[in-house]
Amino acid sequence: GAAAGGVGLLALLVSGVVPDPRDEVEWFRYFPKAVERPGRFMTGGGTTFYGSQEGTFYALSSGGVSEVLPEGDRAMELAVLMLSQRPYAKSVLLAGQVPLAAGLALEALRPDLEIVWCPCDAEYGVKLLAVVGVRTGVRAAGQSPQLFLSRQVDGAFDGVMVMPPPATSLGGAAWRDAAFVREVRRITLRTGVALFGLDCEGAVLTPEKAALLDLTVRPVRQVWPESGCFAPGAGGWWIAAQVPQLAYSVEAAPARFALLKRQELFPNEAVTRLYDSERAQRLIRQCPILGPEGAQLLPDREQTEEVLAAGLADAIRREYPGSTPGQWLARFKEVDGTRLLSLLLVAVWMMPVALGLKATASRRLFAAWLAACGALGLAVSLAVLYRLQMRFGSLYLLAGAGSCLYLGGLFCGNRLGEWAVLFWRGRLAFLRSAVLATTAVQAVVALGVLNCIDGVA
């Protein structure tokens, strides 16, 4: 069944017919007064419905309402935040979850500005611009942010604005890694600026949110040690520059935006609120790394799994304010919980081998080894899908097809293994050697595939 499903789904994808995993009912649930049916387009991340309601354009993706046009306050705040740093920038990159409305606001303030919009889903930006019905010079990258960054020359942009996906997924955690931050620095002009979204709207930070902010800002300050400041407005942003004193705070930023003479679109007094010093100091006391002295003694870089754990803890705390997942995570680290859990899993794995009659011990060990081969194959398939998604963006439907094909291969391999065992039943030494050799080949192929993914154009 899995093999047939994988082959059928792959045939549909190759022929251009994409099964729709969502229903229009969700659109009418968001907009109960809607009369017309929404339009739709498909990307690697799934289905996006779009349409206009009372003069406002909405796009509804798997994560909820993804675009609202025109969107006034927040989009203009993001644009002003960028231009208050570099009012005469020539080119700007908007990467990640920065909305299209921010690009349109930048264009309204600076019609001559070259703006590239690079959302997480490579196809989403191109298809949305084709249906949004707005004449704009904003250009969609058409590639995943990681792939787009890797193909740019050094110093390609005067300004880069990065809003990473939630840290509750490995993809979002990888955006907070120092390797990604280094790529952002590479494509930023030496006299340019990069803004990193922090998603800290509240006036008070929970311990879980403070830990996630620490893990988010730490690699940025390690890669950009020359100059940086914290702007609490518009959701919270860390501003980084490669030259000392070129990341402007509340003292200089409003005056720099005033050079554009765009007070009719955004008054200068409102620029000061984006850099609200009192709120910034209050958040710095709760998360010291946001302060100017926070980079004096930065700890070593944490692994991606640490960022993922912090993101999950923050998400749990937001959904269940009475819980304290940060304390659970701290206690788990104190007792070296990762190593203990690994040893427990190994003990559970080998328990059927250790417990039982002596006469069947060899057979039980052989079965455990075969199970380990299957677990290795599953881990490799997940790692390949993860690396592909990091390289080429959302692969929602292709990942499903790949999973079906993997299960189909597992079924065929199971049948082939049963036939081999029956055929070579009397030669146990040969069977054991074959299993060991197969495992080694599987591991070598897995490492080769993972190393070659980054080289695929």
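1. How many nonpolar, polar and charged residues does the lining of the second largest pocket have? The lining has 17 nonpolar, 9 polar and 1 charged residues. The model is predicted, and the pocket volume here is computed from it: about 830 Å³ of space. In total, 27 residues line this pocket. Those closest to its centre are Leu-370, Cys-373, Gly-413, Asn-414 and Thr-438.

2. Next, the source of that lining. Helix H16 (361–392), helix H17 (396–423) and helix H18 (428–453) each supply at least two residues of the lining of the second largest pocket. H17 provides the largest share, with 10 residues.

3. Now the cavities. The count comes to 2 cavities of 30 Å³ or more. The second largest cavity holds about 80 Å³ of space. Its lining residues are Val-162, Pro-164, Trp-175, Arg-176, Phe-180, Val-181, Phe-196, Gly-197, Thr-216, Pro-219 and Val-220. By class, this lining has 8 nonpolar, 2 polar and 1 charged residues. Rolling a probe the size of a water molecule over the atoms shows where empty space is left.

4. Which elements supply at least two residues each to the lining of the second largest cavity? They are H8, E9 and H9. H9 gives the most, with 3 residues.

5. Helix H9 covers residues 207–223, 17 residues in all. From its first C-alpha to its last, H9 reaches 25 Å. That is close to the 24 Å expected at 1.5 Å a residue. In H9, 13 of the 17 residues are buried, so the helix is largely enclosed by the rest of the structure.

6. Helix H8 covers residues 178–187. Its buried residues are Ala-178, Phe-180, Val-181, Val-184 and Ile-187. An α-helix has 3.6 residues a turn, so residues three or four places apart point the same way. The buried residues of H8 pack against strand E5 (91–96), helix H6 (145–150), strand E8 (157–163), helix H7 (170–175), strand E9 (188–197) and H9. Phe-180 and Val-181 of this buried set also line the second largest cavity. At the start of H8, a side-chain oxygen of Asp-177 reaches to within 3.0 Å of the backbone nitrogen of Ala-179.

7. Helix H4 is mostly covered. Of its 10 residues, 9 are buried. Among them are Leu-100, Gly-103, Leu-106 and Leu-109. Glu-107 is also on the buried list.

8. Is Arg-110 buried or exposed? Arg-110 is buried, because its relative accessible area is 9% and the cut-off for buried is under 20%. Arg-110 sits in the loop between helix H4 (100–109) and strand E6 (114–118). Its side chain reaches the backbone oxygen of Ala-89 at 2.7 Å. Not counting residues up to four places away in sequence, Arg-110 touches Leu-83, Pro-87, Tyr-88, Ala-89 and Leu-260.

9. Last, a glycine. Gly-46 is found in strand E2, which covers residues 46–53. Gly-46 is buried, with a relative accessible area of 5%. Which distance separates the C-alpha atoms of Gly-46 and Tyr-124? The separation is 9.6 Å, although the two residues are 78 residues apart along the chain.

Methods. Residues numbered from 1 in each chain as written. Predicted model: local features only at pLDDT ≥ 70, side-chain atom pairs only at ≥ 80, totals over all residues. Heavy atoms only, no water. 1 Å grid on protein atoms, 1.4 Å probe; cavity = no way out; pocket = protein on both sides within 12 Å on 5 of 7 lines; lining within 4 Å. Points joined across faces, edges and corners; volume = space filled by probe spheres on them. Helix = DSSP H or I, 4+ residues; strand = E, 2+ residues; numbered from the N terminus. Nonpolar A, V, L, I, M, F, W, Y, C, P; charged D, E, K, R; others polar. Buried < 20%, exposed > 50% of the residue type's maximum accessible area, 1.4 Å probe, protein only. Polar contact = N/O pair within 3.5 Å; in protein donor to acceptor, adjacent residues only side chain to side chain. Contact = heavy atoms within 4.5 Å. Expected span 1.5 Å × (residues − 1).
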